[in-house]
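Subject: Structure handover

Hello,

Here is the structure you asked for. My notes on it follow below.

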Amino acid sequence: PFDWYAEMREDHPVRYDDHRECWDVFRYDDVDRILDDPETFSSDPRLASTIDLPPEDEQSPIMETMLLTDGDRHDRLRGVVEDWFRPRAIAGRAARFEEIAADLLDDAVEGGRMDVIDDFAYPFPVIVIAELLGVPSEDRPQFRRWSETLVETPTDTSEAATEAYQERQQEASEELAEYFEEKLDARAREPRDDLITVIAEAASEDRLTHEEALGFCMLLLVAGNITTTNLIGNAMRCLTAHPTALERVRDGSVSIESAVEEVLRYRSPVQALARIATEPVELRGTEIEAGDVVVPWLGAANRDGDVFADPGEFRIDRAPNPHFGFGRGTHYCLGAPLARMEARIGLNALFERAADIERRGETLQPVRSAFIYGVEEFPIEFRP
Ligand code: HEM
């Protein structure tokens with residue numbers, strides 16, 4: 001999409017997409033302004049005049065989460081788990097995450113060939129979040145199906161396809177809600193040291209409604225998996241395409257943390273967000289009406305030459321690197337410290353076990369989603 005972004009930043013920095021019925025926004029300054037002003041640019045899809053939502057009693061509990069609410073309600077929801085996701089709290093679990101990575105990789109590296117996605121980048125974050133939530137990681141084939149269905153965006157926009165897609169989403173959402181309903185009940189009776197207990201307790205003290213508690217679990221399971229999978233996959237894609245960069249990371253002359261930040265900028269796992277204008281507003285000379293959907297393209301802003309020197313170059317020591325890979329403002333990714341640590345631990349664990357890593361195969365199958373960016377498979381070969 002990067003050539004298209006460059007063209008749009010230059011010629012149509014704010015433009016209306018008649019087909020998807022939204023405003024696309026491509027420049028860094030404009031994206032910054034939108035994310036910085038949640039009162040004018042809301043995260044609540046119910047305010048959109050062009051989105052048809054099911055009736056309220058049929059809506060997914062995901063609608064009742066911090067991601068899709070604003071103001072005091074957003075802050076109340078986010079406050080329930082904020083302490084759990086702080087860098088220091090996450091850092092305290094590093095040893096366990098290293099163990100999980102080691103278990104997966106010790107098997108996967110045998111034979112000198114693996115698929116980065118299936119063998120590692122997918123299971124690793126799922127096992128981590130399953131442990132934090134307190135659900136059995138053996139259930140992960142189901143998690144994958146549910147998560148993929150929920151982030152899928154249809155390419156076929158015919159009525160029949162749209163209907164089938166909405167049905168799939170509804171079904172996945174219902175199954176997921178049912179799954180967590182049972183877990184929340186169990187933890188309310190028998191608390192443990194996990195996130196579901198934190199959420200069940202908040203619900204029993206009326207700090208969360210029942211729907212909010214369910215949505216919370218669903219959001220935490222879905223938000224961090226496909227994104228982190230793609231961060232690790234995209235990192236391997238960048239580093240195998242730039243062998244000198246890979247060498248510098250391996251010999252420690254550039255930190256893995258710095259390289260991961262550049263991956264977040266250069267191949268951002270989340271390429272676009274959505275906001276709803278709450279009042280008429282002018283953006284770069286264009287009038288936007290209340291109820292209009294506005295799409296800030298993080299992936300385009302992250303390659304804006306007004307902010308990043310040589311934006312099309314992958315530079316692992318770029319500093320400063322004020323990318324929007326995790327968004328910005330009040331909705332800034334709650335899981336950013338966790339995702340960063342997973343990427344660091346996961347990549348280090350892989351580099352410790354595999355030398356002379358090279359990509360196998362020529363073609364890459366992109367993830368089927370308009371706003372998630374990554375590849376379905378990434379086969380490599382190496383010296384174990
Ligand atoms: C929000 C990206 C991993 C949980 C966000 C947002 C972005 C993002 C761009 C902003 C959404 C918006 O403004 O509308 C990413 C990327 C990840 C990642 C690229 C991995 C590389 C995680 C993980 C978790 C997580 C591991 C936790 C389990 C959340 C939550 C929000 C969020 C709960 C909503 C925050 C709010 O509305 O206040 N993420 N994320 N994310 N992320 Fe992540």
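The side chain of His331 has an N or O atom 2.6 Å from an oxygen atom of the ligand. Please keep in mind throughout that this is a predicted model. Two further side chains make contacts of this kind. For His74, an N or O atom of the side chain is 2.6 Å from a ligand oxygen atom. For Arg275, the distance between a polar side-chain atom and an oxygen atom of the ligand is 2.7 Å.

The ligand also carries an iron atom, and the only protein donor to this iron is Cys333, through SG at 2.3 Å. Cys333 sits in the loop that runs between α15 (298–301) and α16 (336–353).

Around the ligand there is a shell of 28 residues, of which His74, Arg78, Arg275, His331 and Cys333 are the closest. Sorted by class, the shell has 17 nonpolar, 9 polar and 2 charged residues. At least two shell residues come from each of α3 (71–81), α11 (210–223), α12 (225–241) and α16.

The structure holds 17 aromatic pairs. One of them joins Phe26 and Trp297: the ring centres are 6.3 Å apart and the planes are at 10°, under the 30 degrees limit, so the pair counts as stacked. Phe26 belongs to the loop between β2 (22–25) and α2 (28–35), and Trp297 to the loop between β8 (293–296) and α15, so this pair ties together parts that are 271 residues apart in sequence. Both Phe26 and Trp297 are buried.

Phe143 and Tyr179 give an edge-to-face pair, with 5.7 Å from centre to centre and 80° between the planes. Because Phe143 lies in helix α8 (residues 140–151) and Tyr179 in helix α9 (residues 159–189), the pair ties together parts 36 residues apart in sequence. Phe143 has a relative accessible area of 0% and is buried. Tyr179, at 11% relative accessibility, also counts as buried, because the limit is under 20%.

Phe26 and Trp297 turn up again in an aromatic cluster, together with Phe2, Trp4, Tyr5 and Tyr373.

Arg303 sits over the ring of Tyr266, with its charged end 4.1 Å from the ring centre. Arg265 does likewise over the ring of Phe308, at 5.2 Å from the centre.

Two other residues may be worth a look when you open the file. Asp194 is in the loop between α9 and α10 (195–204). With 4% relative accessibility, Asp194 counts as buried. Which side chain does the side chain of Asp194 make a polar contact with? The partner is Arg187, at 2.9 Å.

Phe382 is part of strand β10 (residues 379–383). The relative accessibility of Phe382 is 8%, so Phe382 counts as buried. The C-alpha atom of Phe382 is 8.8 Å from that of Met114, although the two residues are 268 residues apart along the chain.

Regards

Notes
Residues numbered from 1 in each chain as written. Predicted model: local features only at pLDDT ≥ 70, side-chain atom pairs only at ≥ 80, totals over all residues. Heavy atoms only, no water. Donors = N, O, S within 2.8 Å, 3.2 Å for Na, K, Ca; no water. Helix = DSSP H or I, 4+ residues; strand = E, 2+ residues; numbered from the N terminus. Near = heavy atom within 4 Å. Polar contact = N/O pair within 3.5 Å; in protein donor to acceptor, adjacent residues only side chain to side chain. Nonpolar A, V, L, I, M, F, W, Y, C, P; charged D, E, K, R; others polar. Phe/Tyr/Trp six-rings, centres within 6.5 Å; stacked < 30°, edge-to-face > 60°. Buried < 20%, exposed > 50% of the residue type's maximum accessible area, 1.4 Å probe, protein only. Lys NZ or Arg CZ within 6 Å of the ring centre and 35° of its normal.
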